[in-house]
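I opened my notebook to look around a new structure, one entry at a time. Come along and follow each stop on the screen.

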Amino acid sequence: MAVDMDEFWVFGYGSLMWNPGFRFEEKSTARAFGYRRSLCVRSWVHRGTEQRPGLVLGLDYGGSCIGTAFRVPGSEKADVIDYLRERELVTHVYRERTMPVQLADGRRVPALAYVIDRGHAQYAGALSAAEAAETVATASGKSGPNIEYVLNTLAHLQEMGIRDQWLEDVVARLTATGAVAVQA
């Protein structure tokens with residue numbers, strides 16, 4: 001299928017999937033190659049504070065990631081980019097990239113995405129599910145409790161038929177400690 005090079009797409013792999021915050025004309029399941037979804041970002045603003053960081057998702061190197069691609073009206077491209085920069089680049093832990101993604105219908109389109117900067121102080125690296133659950137259980141930021149973010153993301157992935165066993169393990173540990181019941 002031919003792709004209109006003037007189309008503007010945004011790739012979401014975490015909260016953008018269930019809370020994009022902008023108008024779009026088309027939404028599709030999509031896969032980004034060379035990156036994986038990882039709860040590897042210490043959140044100092046949205047889901048935690050600098051004193052008590054939470055954890056949010058980032059695109060980290062390796063593997064592939066199934067998420068959601070949104071086609072944005074061309075007339076709204078500049079506004080959407082401004083909105084995303086304000087939302088995603090608060091502490092510059094992400095790098096803004098345009099990368100190819102493959103849509104569910106087979107089309108390959110360039111999409112704007114936010115990739116973790118491994119050299120940033122907020123990069124948490126690879127954590128065990130137990131370490132992640134301990135952090136997520138008590139953190140909260142300007143966008144709400146960290147646990148809400150993790151539960152919403154996992155629920156959305158499950159609705160899409162996407163298994164993320166590590167994230168499921170984090171939630172199972174939160175449930176076992178009673179943290180989920182406290183937030184529910």
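**Entry 1: Helix H4**

I began with the buried residues of H4 and listed Asn 146, Ile 147, Tyr 149, Val 150, Thr 153, Leu 154, His 156 and Leu 157. A reminder to myself: this is a predicted model. Next I looked up the extent of H4, which runs over residues 146–159 and has 14 residues. From its first C-alpha to its last it reaches 20 Å, close to the 20 Å expected at 1.5 Å a residue. After H4 I came to Gly 161, whose phi is positive, near 80 degrees.

**Entry 2: Asn 146**

I stayed in helix H4, where Asn 146 has its place. Is Asn 146 buried or exposed? I found a relative accessible area of 0%, and buried means under 20%, so Asn 146 counts as buried. What does its side chain reach at 2.7 Å? I found the backbone nitrogen of Leu 55 there. I then left aside the neighbours within four places in sequence and noted what else Asn 146 is in contact with: Arg 47, Gly 54, Leu 55, Thr 135, Val 136, Ala 139 and Ser 140.

**Entry 3: Glu 131**

I moved on to Glu 131, which sits in helix H3 (residues 129–138). Its relative accessibility is 42%, so I wrote it down as partly exposed. I also checked Glu 131 against Asp 82: they are 49 residues apart along the chain, and their C-alpha atoms are separated by 34 Å.

**Entry 4: Aromatic rings**

How many aromatic pairs does the structure hold? I noted six. One of them is formed by Phe 22 and Tyr 83, and this pair is edge-to-face, with 6.4 Å centre to centre and 65 degrees between the planes. Phe 22 lies in the loop between helix H1 (15–18) and strand E2 (26–43), while Tyr 83 lies in helix H2 (residues 77–88), so the pair ties together parts that are 61 residues apart in sequence. Phe 22 is buried at 11% relative accessibility, whereas Tyr 83 is partly exposed at 29%. I also saw that ring pairs link Phe 22, Phe 24, Phe 70 and Tyr 83 into a cluster.

**Entry 5: The nonpolar core**

I turned to the largest nonpolar core, which has 57 residues. Which residues have the most contacts inside it? My list reads Phe 11, Leu 39, Leu 59 and Val 101. Strand E3 (residues 54–72) gives the most to this core, with eight residues.

**Entry 6: Strand E5 and its partners**

Strand E1 (residues 8–12) pairs with E5 in the parallel sense over two bridges, and I found Val 10 opposite Leu 112 in E5. Strand E4 (residues 94–103) pairs with E5 in the antiparallel sense over nine bridges. I traced Gln 102 to its bridge partner in E5, Arg 108. The hairpin of E4 and E5 has four residues between the strands, and there I noted Gly 106, which takes a positive phi near 100 degrees.

Definitions and conventions:
Residues are numbered from 1 along each chain as its sequence is written. This is a predicted model: local features need pLDDT of at least 70, side-chain atom pairs count only at pLDDT 80 or more; totals for chains, interfaces and linings use all residues. Side-chain values use heavy atoms; hydrogens and water are left out. The expected span of a helix is 1.5 Å times one less than its number of residues. Buried means under 20% relative accessible area, exposed over 50%, partly exposed in between (1.4 Å probe, protein chains only). A polar contact is a pair of N or O atoms within 3.5 Å; within protein, one must be able to donate a hydrogen and the other to accept it, and residues adjacent in sequence count only if both atoms are side-chain atoms. Contact means heavy atoms within 4.5 Å. Rings of Phe, Tyr and Trp (its six-membered ring) pair if their centres lie within 6.5 Å; planes under 30 degrees apart count as stacked, over 60 as edge-to-face and the rest as tilted. A nonpolar core is a set of buried Ala, Val, Leu, Ile, Met, Phe, Trp, Tyr and Cys residues joined through side-chain atoms within 4.5 Å. Two strands pair if DSSP finds at least two bridges between them.
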